[in-house]
Amino acid sequence: MTALNKSIEPGDSPDLTEERASGTFDTNAMAAVIYGSDKFAQRRREISEAISKIPELADSAPLPFLDRFGKVTEGSRKLSVILENIDKLIDPSSYEEGLHLYTEVMGMEGHPLALHEVMFIPALIAQASDEQQVKWLGRARRREIIGCYAQTEMGHGSNLRALETTATYSPETQEFILHSPTITSLKWWPGALGKSANWAVVVANLIIRDKNYGPHPFMVQLRDEDSHEPLPGITVGDIGPKMAFNGGDNGFLGFRNYRIPREYLLNRHAKVEADGRYVKPPHAKINHSAMIRVRSHMATGQGALLAHALVIAVRYSAVRRQGYLEDKSREVKVLDYQTQQHRLFPSIARAYAFIFCGFETIRLYDQLLIDVQNGNTSGMADLHALTSGLKSVVTYQTGEGIEQARMACGGHGYSMASYISEIYGVAIGGCTYEGENMVMLLQLGRYLVKSIEMIQNGKSRELGPMVAYLAENESEIDLNLGPNEYLKVFEYAARNQTWRATEKFQKLRNSGMSNEKAWNQASVELTRASRLHTRLYIMSTFINHVGSIVDQKVKGVLIDLLNVHVTYEVMDIGIYVQGLLSSNQMDLIRNQLYVSLETIRPNAVSLVDSFQISDMQLRSVLGRRDGNVYENLFKWAKSSPLNKTDVLPSVTQYLKPMMEKSKL
Ligand SMILES: CC/C=C\C/C=C\C/C=C\C/C=C\C=C\C(=O)SCCNC(=O)CCNC(=O)[C@H](O)C(C)(C)COP(=O)(O)OP(=O)(O)OC[C@H]1O[C@@H](n2cnc3c(N)ncnc32)[C@H](O)[C@@H]1OP(=O)(O)O
Ligand SMILES: Cc1cc2nc3c(=O)[nH]c(=O)nc-3n(C[C@H](O)[C@H](O)[C@H](O)COP(=O)(O)OP(=O)(O)OC[C@H]3O[C@@H](n4cnc5c(N)ncnc54)[C@H](O)[C@@H]3O)c2cc1C
């Protein structure tokens, strides 16, 4: 990967060179904005450079040609090469540098340490006492052990209160006895559990003298550290192939009266004394902190996945020529079609918006962690509500954007040579993991209903800054629309829908219906309110972030992108703003959107180049930085294992005899 201003190199496709020449800003300066600092953007480039110098870190074959066994083996092989060279590649104490290294080398299909870094270590940091951290955190960080986070069961993932795995305290031996009483109680889905992890943070119901204290996290050894064989009392294995993530070993796990010491309950917040006395945590949901953390990181993670698909689709659209506009002597780049721009550019804006939003939620989580360690849990409900909505909206919109990017690549988009279907499979997993989207939208819905109830009870002044707009009133909007007026339009839509949904719920409840039934009958409307509220938050963070940028050229193009965003988003929620905007105003906004697509066009390739995703990381023939797509597409097809011989054994064995027989 080059560090050149506009990434122009000899041998590049002239079409892409032309695009890069038309860019109005420095892609390195934009990368500094995307990755939070010039220093880190520079480190990413250096790490990519260092990776490219170690040939063993490259995939030994294009991943789509490997079967499941090959993918899992390839992941472990590359991991061992990474660890042999780690000091040459990154500062091992930097989480961000490590994440970049793993993302680039291991790719997105899963690997043995994926959950170790993302959930196991963070769960130890948030939930293990200082003493427990001394015992396990160093070992985990040095990778002497491999861990995972085992919560979901075959029968229950969303409703944690119905988990069936038990951890029964035995005061006589001062042990917990872990047990899986039914088939549905088997842990099912945890990443890296099946074959890689030898330890797990296991979430099980804490039972003391027949009383159930609900789900708690326990540190559990699953496999012998020498032989890697499962320990007696443990049944563990892989759950089989999935829609994506097939380099990962999502697993199942069962316990047969499996004993662990009392000290293995992660007891920073809740404790069980030797005599069985239970010490309550400071907040009932404190054991959910590992989930809040991942949800806080998901906006940037999903923004990056959307970015991968857009790098591929935008670059390819600049080299793909098909059909004509005015000049009939040369076919046009498909990127010049308005429909193609409408398909791709609003997603570029969303990818940037998600990444900027993620900066904010990561900051909020880091602050919450400090607060909670100091005994202050007051921020938990706000962050839970915010990240519940955000993970749901960004995963859904990312999925939509990636699928549009695939279609924007025509037939070749459907080939694994584009790699977009893998990106799609990985990204939409996010609609399910860390809380199924509808379930999480309804969590935010609860928070919004409570906020309306505060207003109804005359407590508007106690509302937090994110929901204060629910108490305002806006019935007219200036025709001369700028980003802040668009925010007002979104506020109007979110406020109206939240009030409407809450009033529906209240009306049903007041009619004598049970709380649960009334909630269920208002739930579609409540999820709509949650989505609008979250989209408002994304827009407002995007506007604030762009406002804070210093480099004027970068800021200029981001303002153009923001114009794409606000106009597209408002058109997309037209049905919710009919009472506010006239049809003339809607036409005006629609036209502003079309103008903003044209404005962004010369910078489209530079905007996706700025994500600085190397070819190695992208794993896409269509998205190559040099744009030399066609010759490499042919090379890729020729490397298919099916093409090793001209005549396949299956032809000799089945098709030839069939054809011979038909001749008689
Ligand atoms: C660094 C990472 C970067 C990027 C990520 C990239 C890649 C990841 C790769 C692969 C995937 C990896 C891992 C995937 C892991 C998993 O999926 S782990 C399992 C995740 N499981 C879930 O998310 C389960 C979803 N369910 C829940 O979270 C909860 O059960 C619930 C839906 C929130 C409901 O909980 P419960 O029934 O206990 O509570 P309620 O009765 O509904 O509510 C009671 C009140 O408590 C409040 N509440 C609930 N949760 C929290 C919380 N976490 N914090 C604060 N408050 C909480 C709730 O709002 C209620 O409040 P009230 O309205 O005031 O009463
Ligand atoms: C790729 C991937 C990786 C994963 N990794 C892990 C991991 O590392 N560790 C781990 O513990 N788990 C992991 N999981 C499991 C994941 O967290 C759960 O699958 C997820 O939380 C959803 O729970 P569920 O499967 O029980 O869905 P269900 O709750 O069964 O959802 C089915 C349907 O029911 C609906 N529904 C459920 N409850 C309600 C409700 N109250 N109101 C309205 N609708 C409702 C849902 O909206 C959905 O439409 C992973 C899953 C995937 C796909």
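Analyst: Happy to. Gly-191 sits in the loop that joins strand E4 (187-188) to strand E5 (199-208); helices (H or I, at least four residues) and strands (E, at least two) are DSSP runs, numbered from the N terminus. This is a predicted model, where local features need pLDDT of at least 70 and side-chain atom pairs count only at pLDDT 80 or more, while totals for chains, interfaces and linings use all residues. Residues are numbered from 1 along each chain as its sequence is written, and chains are lettered from A and ligands numbered from 1 in the order in which they are written.

User: Why is Gly-191 called buried?

Analyst: A residue is buried if 20 or more other C-beta atoms lie within 10 Å of its own, exposed if 12 or fewer, and partly exposed in between, with C-beta atoms placed from the backbone. Gly-191 has 26 other C-beta atoms within 10 Å, so it is buried.

User: And what makes Thr-152 partly exposed?

Analyst: Thr-152 has 18 other C-beta atoms within 10 Å, so it falls in the partly exposed class. Thr-152 belongs to the loop between strand E1 (147-150) and strand E2 (166-170).

User: Which residues does Thr-152 touch, leaving out those up to four places away in sequence?

Analyst: They are Gly-157, Lys-187, Trp-188, Trp-189 and Pro-190. Contact here means that the two C-beta atoms, placed from the backbone, lie within 7 Å. With the same exclusion of neighbours within four places in sequence, Gly-191 is in contact with Gly-110, Ala-114, Leu-115, Cys-148, Gly-248 and Asn-250.

User: What does UniProt list as "binding site"?

Analyst: An unreviewed UniProt entry lists Thr-152 and Gly-191 under that name. These two are spread over 40 residues of sequence yet cluster in space, the largest C-alpha distance being 10.7 Å. UniProt positions are given in the numbering used here, feature names are shortened, and annotations may be inferred rather than shown by experiment.

User: Why is ligand 2 said to lie between two domains?

Analyst: Domain 2 (129-281) and domain 3 (290-459 + 483-608) both give residues to its shell, so ligand 2 lies between them. The domain bounds come from an automatic or database domain assignment. In that shell are 21 residues, the closest being Gln-151, Thr-152, Gly-157, Ser-158 and Met-438; a residue is near a molecule if its C-beta atom, placed from the backbone, lies within 6 Å of it. Helix H13 (437-456) supplies the largest share, 3 residues.

User: How many residues surround ligand 1, and which are the closest?

Analyst: There are 27 residues, with His-288, His-297, Gly-301, His-384 and Gly-435 the closest. Helix H8 (289-319) is one of the elements that give two or more residues, and H8 gives the most, with 6. The shell holds 12 nonpolar, 11 polar and 4 charged residues; Ala, Val, Leu, Ile, Met, Phe, Trp, Tyr, Cys and Pro count as nonpolar, Asp, Glu, Lys and Arg as charged, and the others, Gly among them, as polar. At least three residues come from each of domain 2 and domain 3.

User: How do you know whether Glu-434 is buried or exposed?

Analyst: Glu-434 has 23 C-beta neighbours inside 10 Å, so it counts as buried. An "active site" annotation in an unreviewed UniProt entry covers Glu-434. Glu-434 is in the loop between helix H12 (420-429) and H13. Beyond residues up to four places away in sequence, Glu-434 touches Met-291, Val-294, Arg-295, Met-298 and Lys-391.

User: What makes H12 largely enclosed?

Analyst: Of its 10 residues, 8 are buried, so H12 is largely enclosed by the rest of the structure. Ile-420, Tyr-424 and Val-426 are among the buried ones. The cover over them includes H8, H10 and helix H11 (410-414).

User: Which residues touch the most other members of the largest nonpolar core?

Analyst: Leu-310 and Ile-312 do, in a core of 168 residues. H8 provides its largest share, 19 residues. A nonpolar core is a set of buried Ala, Val, Leu, Ile, Met, Phe, Trp, Tyr and Cys residues joined through C-beta atoms within 7 Å. Domain 2 and domain 3 both give residues to this core, so the core lies between them.
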